[in-house]
Amino acid sequence: MVVILRKLVPLGLILASALIVNCGYVATNLYGVSSVLTVIFIPSSIIVCWGWFLRSLRRTIAYTFSFILLSAVLAQISLSAPVLLNIIEDVYYKNLFTQAVFLGVFQYFLAVTFFSLITALIAGLAFD
């Protein structure tokens, strides 16, 4: 039982962090919250905390890659939800909405990847 919990704790940590960043990204798109906060500050502070508690550069980098991919998938799903759930029924608007969401998530993915990897390297080296 303890072995199972030890393996689930990192997955829960990554999932919780990705959900926090996803909520921030959705707030940026819907409510106009500063993107500096959601793209730079929140992911960087999460990764610094991981580096502090993990004390391993290799595990910090692995968690960072998992976190980035999961947060990008969650952002794509949450911003495409109106189209996926047929809330938006106009065909022309569906195509535009899906392409714009994809490009926005891709831009977000690149920015978060850059700042998260830089922070993971610094945190991993500092706390290693």
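Leu30 is found in helix α1, where helices are DSSP runs of H or I with at least four residues, strands are runs of E with at least two, and both are numbered from the N terminus. At 57% relative accessibility, Leu30 counts as exposed; exposed means over 50% relative accessible area, buried under 20% and partly exposed in between, with a 1.4 Å probe and protein chains only. The model is predicted, so local features need pLDDT of at least 70 and side-chain atom pairs count only at pLDDT 80 or more, while totals for chains, interfaces and linings use all residues. Residues are numbered from 1 along each chain as its sequence is written, and side-chain values use heavy atoms, with hydrogens and water left out.

**The chain as a whole**

- The protein chain has four helices and zero strands.
- Read from the N terminus on, the elements follow the order α-α-α-α.
- Of the 128 residues in the protein chain, 37% are buried.
- The chain exposes about 8,000 Å², and carbon and sulfur atoms supply 75% of that area (Shrake-Rupley method with a 1.4 Å probe; for residues, only the protein chains shown count as cover).
- Among contacts between residues at least 6 apart in sequence, 71% join residues at least 24 apart; a contact means heavy atoms within 4.5 Å.

**The nonpolar surface patch**

- Leu30 belongs to a nonpolar surface patch of about 550 Å², together with Tyr31, Val33, Leu37 and Phe41.
- Patches are made of residues with over 30% relative accessible area and no salt bridge; like charges are joined within 9 Å, and nonpolar side chains (Val, Leu, Ile, Met, Phe, Trp, Tyr) within 5 Å.
- A salt bridge, in turn, is a side-chain nitrogen of Lys or Arg within 4 Å of a carboxyl oxygen of Asp or Glu.
- Helices α1 and α2 (35–54) are the elements that give two or more residues to the nonpolar patch.

**Ser17 in helix α1**

- Ser17 is found in helix α1, which covers residues 2–31.
- With a relative accessible area of 6%, Ser17 is buried.
- The side chain of Ser17 reaches the backbone oxygen of Leu13 at 2.9 Å. For such polar contacts, a pair of N or O atoms lies within 3.5 Å; within protein, one must be able to donate a hydrogen and the other to accept it, and residues adjacent in sequence count only if both atoms are side-chain atoms.
- Apart from neighbours within four places in sequence, Ser17 is in contact with Ile46, Trp50 and Phe67.
- Ser17 and Phe67 are 50 residues apart along the chain, and their C-alpha atoms are separated by 7.1 Å.

**Aromatic residues**

- The count of aromatic pairs comes to four. Rings of Phe, Tyr and Trp (its six-membered ring) pair if their centres lie within 6.5 Å; planes under 30 degrees apart count as stacked, over 60 as edge-to-face and the rest as tilted.
- Trp50 and Tyr63 form an edge-to-face pair, at 5.8 Å centre to centre and with 90 degrees between the planes.
- Trp50 lies in helix α2 and Tyr63 in helix α3 (residues 57–84), so this pair ties together parts that are 13 residues apart in sequence.
- Both Trp50 and Tyr63 are buried.
- One aromatic cluster is formed by Trp50, Tyr63 and Phe67.

**Ser71 in helix α3**

- Ser71 is found in helix α3 and is buried, with a relative accessible area of 1%.
- A polar atom of the Ser71 side chain lies 3.0 Å from the backbone oxygen of Ile68.
- Leaving aside neighbours within four places in sequence, Ser71 is in contact with Ala18, Val21 and Tyr108.

**Ala120 in helix α4**

- Ala120 lies in helix α4 (residues 91–127) and counts as buried at 0% relative accessibility.
- Not counting residues up to four places away in sequence, Ala120 touches Ile47, Leu57, Thr60, Ile61 and Thr64.
- Ala120 and Val48 are 72 residues apart in sequence, and 6.9 Å apart in space from C-alpha to C-alpha.

**Arg55 in a loop**

- Arg55 has its place in the loop between α2 and α3.
- Although Arg55 is not a glycine, it has a positive phi of about 55 degrees.
- At 41% relative accessibility, Arg55 counts as partly exposed.
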